[in-house]
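Good morning, and thank you for coming. Please look at the structure on the screen while I describe how it is put together.

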Amino acid sequence: MRISDFWRLMDDEFGAGYSRVLSSSLVLAGVGGRTANDALAAGYSPRDVWLALCDVQDVPPERRLGRDVKPADKGSGTF
């Protein structure tokens, strides 16, 4: 998982504003008692940080991969 994917998941699940509050203030046991921001800065993988945050916030398994995004309609596609 890339860091951009981490932030997309955070924003989708918690909203853009609250995701920043959570990442800077919520201590996560799954990443050594660090906040998400501190864990990322310390070199933890974004995936491990995301899953630790999901555990603490009780994000259901079906939402841990993010929301389904339908592809944009590119027109009729007749050639």
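I shall begin with the overall fold and then turn to a helix pair and the core.

This is a predicted model, in which local features need pLDDT of at least 70 and side-chain atom pairs count only at pLDDT 80 or more, while totals for chains, interfaces and linings use all residues. Residues are numbered from 1 along each chain as its sequence is written, and side-chain values use heavy atoms, with hydrogens and water left out.

The protein contains four helices and two strands, taken as DSSP runs (helices H or I, at least four residues; strands E, at least two) and numbered from the N terminus. Along the sequence, the pattern is α-α-β-β-α-α.

How do α1 and α2 meet, and at what angle do their axes cross? The axes of helix α1 (residues 3–14) and helix α2 (residues 16–25) come within 7 Å and cross at roughly 115 degrees. Here, axes are lines fitted to C-alpha atoms over the stretch in contact, and angles run from 0 to 180 degrees between N-to-C directions. From α1, the residues W7, M10, D11 and F14 meet A16, Y18, S19, R20, L22 and S23 of α2; contact means heavy atoms within 4.5 Å.

Of the 79 residues, 30% count as buried, that is, under 20% relative accessible area with a 1.4 Å probe, protein chains only. The largest nonpolar core has 18 residues; such a core is a set of buried Ala, Val, Leu, Ile, Met, Phe, Trp, Tyr and Cys residues joined through side-chain atoms within 4.5 Å. Among those with the most contacts inside this core are F6, M10 and V49. The elements giving two or more residues to this core are α1, α3 (36–41) and α4 (46–57). Leaving aside residues up to four places away in sequence, V49 touches F6, L28, V31, A36, A39, L40 and Y44.

Conventions. Buried < 20%, exposed > 50% of the residue type's maximum accessible area, 1.4 Å probe, protein only.
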